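Work through the following exercises with the sequence and the model at hand, and try each task before reading its solution.

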Amino acid sequence: MGNTNSKEEIWFYLVVVKKGQPYKRMGPFRFEAIAQVYKEEQITDETYVWTNAKFTDPKNHRKYFYMDGYSKVKDMPLEFHKRLQGTMPLIPDRRGNPDGSVPHMTPMQGYDYISPPQMPAC
């Protein structure tokens, strides 16, 4: 399980650089960056993500849980999808914007101590 001692919510996602090669971990990012790359179709429902955020237990709404490992976007809890759908309209799309008026997504600094879980096998 990853280190969840950070007070700020952070997110990682995995990309395939070359078929048959191990995943490459991208991050850490804020949630808005994850929403942006999802909106721009750089990640899909099949992309693995991990966060140190707490989620409400669907069986007992008084309990919370942390993610044990990477999970596909499509398998994330319902509250993730509600938050994603609410955030995406507020985020500018960088595709087809040659003037650079939309800022580029950069990883958060100072989170070297965060240890996300082991990456799944390809």
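**Exercise 1.** Is Phe31 buried or exposed?

*Solution.* The model is a predicted one, in which local features need pLDDT of at least 70 and side-chain atom pairs count only at pLDDT 80 or more, whereas totals for chains, interfaces and linings use all residues. Residues are numbered from 1 along each chain as its sequence is written, and side-chain values use heavy atoms, with hydrogens and water left out. The scale for accessibility calls a residue buried under 20% relative accessible area, exposed over 50% and partly exposed in between (1.4 Å probe, protein chains only). Phe31 has a relative accessibility of 2% and therefore counts as buried. Across the protein, 38% of the 122 residues count as buried.

**Exercise 2.** Classify the aromatic pair of Phe31 and Phe80, and locate its two partners.

*Solution.* A pair of aromatic rings is described by the distance of the centres and the angle of the planes. Rings of Phe, Tyr and Trp (its six-membered ring) pair if their centres lie within 6.5 Å, and planes under 30 degrees apart count as stacked, over 60 as edge-to-face and the rest as tilted. The whole structure holds 7 aromatic pairs by this search. In one of them, the ring centres of Phe31 and Phe80 are 5.9 Å apart and the planes stand at 85°, so the pair is edge-to-face. Because Phe31 belongs to helix H1 (residues 31-39) and Phe80 to helix H2 (residues 78-87), the pair ties together parts that are 49 residues apart in sequence. Here helices (H or I, at least four residues) and strands (E, at least two) are DSSP runs, numbered from the N terminus.

**Exercise 3.** Describe how H1 and H2 pack, and list the residues that make the contact.

*Solution.* The axes are lines fitted to C-alpha atoms, for helices over the stretch in contact, and angles run from 0 to 180 degrees between N-to-C directions. H1 and H2 pack at about 75°, with their axes 10 Å apart. The two helices are therefore roughly perpendicular to each other, a class that covers 65 to 115 degrees, while angles under 35 count as roughly parallel, over 145 as roughly antiparallel and the rest as oblique. With contact taken as heavy atoms within 4.5 Å, H1 contributes Phe31, Glu32, Ala35 and Tyr38, and H2 contributes Phe80, Arg83, Leu84 and Thr87. Arg83 also places its charged end over the ring of Phe31, 4.0 Å from the ring centre; the criterion is that NZ of Lys or CZ of Arg is within 6 Å of the ring centre and within 35 degrees of the ring normal.

**Exercise 4.** What kind of aromatic pair do Phe55 and Phe65 form, and how accessible are its members?

*Solution.* The centres of Phe55 and Phe65 are 5.9 Å apart with 35° between the planes, and the pair is tilted. Since Phe55 lies in strand S4 (residues 55-56) and Phe65 in strand S5 (residues 64-65), the pair ties together parts that are 10 residues apart in sequence. Phe55 counts as buried at 4% relative accessibility, whereas Phe65 is partly exposed at 29%.

**Exercise 5.** Examine the backbone at Pro28 and at Glu41.

*Solution.* Gly27 and Pro28 are joined by a cis peptide bond with omega of about 5°, and Pro28 lies in strand S2 (residues 23-29). Glu41, although not a glycine, has a positive phi of about 60°. Glu41 is located in the loop between H1 and strand S3 (48-51), and counts as exposed at 61% relative accessibility.
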